[in-house]
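Let's take a walk through this structure, one contact at a time. Keep the view open and turn it as you read.

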Amino acid sequence: MSVTRFGKVAVLMGGWSSERAVSLNSGSAVLQALLRRGVDAHGIDVGPGVARQLSEGDYQRAFVMLHGRGGEDGVIQGVLESLGIPYTGSGVLGSALSMDKVKSKQIWQAAGLPALPFELLLEESNPASVVERLGLPLAVKPAREGSSIGISKVTQPAQLLPAWREAARYDTQVLVEPWLDGGEYTAAILGDEELPLIRIEAAGEFYDYHAKYQAQDTCYYCPSGLPVERERELRQIALRAFRAVGAAGWGRVDFLLDEQGKAWLVENNTLPGMTDHSLVPMAAQAAGIGFDDLVVRILAESLEYRSREEMHVVQAR
Ligand SMILES: Nc1ncnc2c1ncn2[C@@H]1O[C@H](COP(=O)(O)OP(=O)(O)O)[C@@H](O)[C@H]1O
Ligand SMILES: [Mg+2]
């Protein structure tokens, strides 16, 4: 395929979310890959003037590489829709639902998929009742954040309110879930396929911001080490979960296992990290797809964006 088909491409990065720094790294890596492939790509650090920049710059396509609020939640996707500019990844609905850990889990529950149980946590929630229902330890997190920002592990009822306060710094909605210790897996999705699972083993308590982007001692296993049948089963659940929330193009579904080895869906990421050390590139590599090829394939998905969105509508009927 000739890269001239893509036209002038804007790589949208940066933005104003708490994951701005991560997005600038992912965006630069994507931009460099597109330039190496001869695509007419230009980086845009997204701010309030982005709509004008996009229309005045005569862009034919956007590679969205923003993380978090304003970029991963349907907001920039809505801007692109109204400008009539095709873009990579999920549309408005798939982005908004995936960003919201409460809404996406409600959809998975309704679809009969194994969403990790949760409750909304309020400032006035009674810690003893929450612990009675969900047990200990617990995970407390903002509903719409990323990069593990605002997440706490709670081992005693008295820690619940401070954990709520920490999460509430980032979102008006806070959720609480049982803390699972049986292992962490993630499934990257590219187009209509799932890539090999990755097992993640953080050195500290969990896969926090430091373990994600700074630590040298986080271990990633790809192949995951799961028996073939089990791997296939989790990959299929991931793909169904991805489609259930209306996600498209590419993304990454996170799982946690409980002590009995049962897998629970934690979240779907519609705009996962894309530096060459990130998880999606790692899974792609295991499937024989190098970083530059991966970036071009994600961009090529945007050529079929409309028809795919329509296909999801048909599938949902
Ligand atoms: N219920 C839980 N039990 C155990 N660990 C958890 C739980 N929820 C989150 N974590 C840990 O926190 C990390 C980030 O949580 P996640 O819900 O995926 O939010 P984010 O959008 O910030 O990635 C996970 O990768 C995992 O290591
Ligand atoms: Mg996650």
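Ser 148 counts as buried, at 13% relative accessibility, because anything under 20% falls in that class. What you're looking at is a predicted model, by the way. Ser 148 is found in the loop between S5 and S6, and its phi is near 65°, a positive value in a residue other than glycine. Step back to Ser 147, which lies in that loop between S5 and S6 too. Ser 147 has a positive phi of about 55°, although it isn't a glycine. With a relative accessible area of 5%, Ser 147 is buried as well.

Stay in this part of the chain and look for Glu 145. Which residue does Glu 145 form a salt bridge with? The partner is Arg 69, and the closest N and O atoms are 3.8 Å apart. Arg 69 sits in the loop between strand S3 (61-64) and helix H3 (75-83), while Glu 145 sits in the loop between strand S5 (138-142) and strand S6 (152-154), so this pair ties together parts that are 76 residues apart in sequence.

Side chains of opposite charge can pair when their charged atoms come close. Here the count comes to 19 salt bridges. Some link up into a network, as with Lys 105, Lys 141 and Glu 177. For a pair inside a helix, go to H9 (residues 228-244), where Glu 231 and Arg 235 lie four residues apart, about one turn of the helix. Glu 231 forms a salt bridge with Arg 235, and the closest N and O atoms are 3.3 Å apart. Glu 231 counts as buried, at 12% relative accessibility.

Now find Arg 199, which takes part in two contacts described here. Arg 199 forms a salt bridge with Glu 201, with the closest N and O atoms 2.7 Å apart. The charged end of Arg 199 also sits over the ring of Tyr 221, 4.2 Å from its centre. Arg 199 counts as partly exposed, at 22% relative accessibility, and Glu 201 is partly exposed too, with a relative accessible area of 36%. Elsewhere, Lys 8 makes a contact of this kind: its charged end sits over the ring of Tyr 59, 4.5 Å from the ring centre.

On to the rings themselves. How many aromatic pairs does the structure hold? There are three. One of them joins Tyr 207 and Tyr 220 in an edge-to-face arrangement, 6.2 Å centre to centre with 75° between the planes. Tyr 207 lies in the loop between strand S10 (198-201) and helix H8 (209-213), and Tyr 220 lies in strand S11 (residues 219-221), so the pair ties together parts that are 13 residues apart in sequence. Tyr 207 is buried, with a relative accessible area of 8%, whereas Tyr 220 counts as partly exposed, at 27%. Then there's the pair Tyr 209 and Tyr 213: their ring centres are 4.9 Å apart and their planes stand at 65°, so this pair is edge-to-face. Both tyrosines lie in helix H8, four residues apart, about one turn of the helix. Tyr 209 counts as partly exposed, at 28% relative accessibility, and Tyr 213 is partly exposed, with a relative accessible area of 39%.

The peptide bond from Cys 222 to Pro 223 is cis, with omega near 10°, and Pro 223 has its place in the loop between S11 and H9. Another cis peptide bond runs from Leu 136 to Pro 137, with omega near -10°. Pro 137 is in the loop between helix H6 (127-134) and S5.

Methods. Residues are numbered from 1 along each chain as its sequence is written. Chains are lettered from A and ligands numbered from 1 in the order in which they are written. This is a predicted model: local features need pLDDT of at least 70, side-chain atom pairs count only at pLDDT 80 or more; totals for chains, interfaces and linings use all residues. Side-chain values use heavy atoms; hydrogens and water are left out. A salt bridge is a side-chain nitrogen of Lys or Arg within 4 Å of a carboxyl oxygen of Asp or Glu. Helices (H or I, at least four residues) and strands (E, at least two) are DSSP runs, numbered from the N terminus. Buried means under 20% relative accessible area, exposed over 50%, partly exposed in between (1.4 Å probe, protein chains only). Rings of Phe, Tyr and Trp (its six-membered ring) pair if their centres lie within 6.5 Å; planes under 30 degrees apart count as stacked, over 60 as edge-to-face and the rest as tilted. A charge sits over a ring if NZ of Lys or CZ of Arg is within 6 Å of the ring centre and within 35 degrees of the ring normal.
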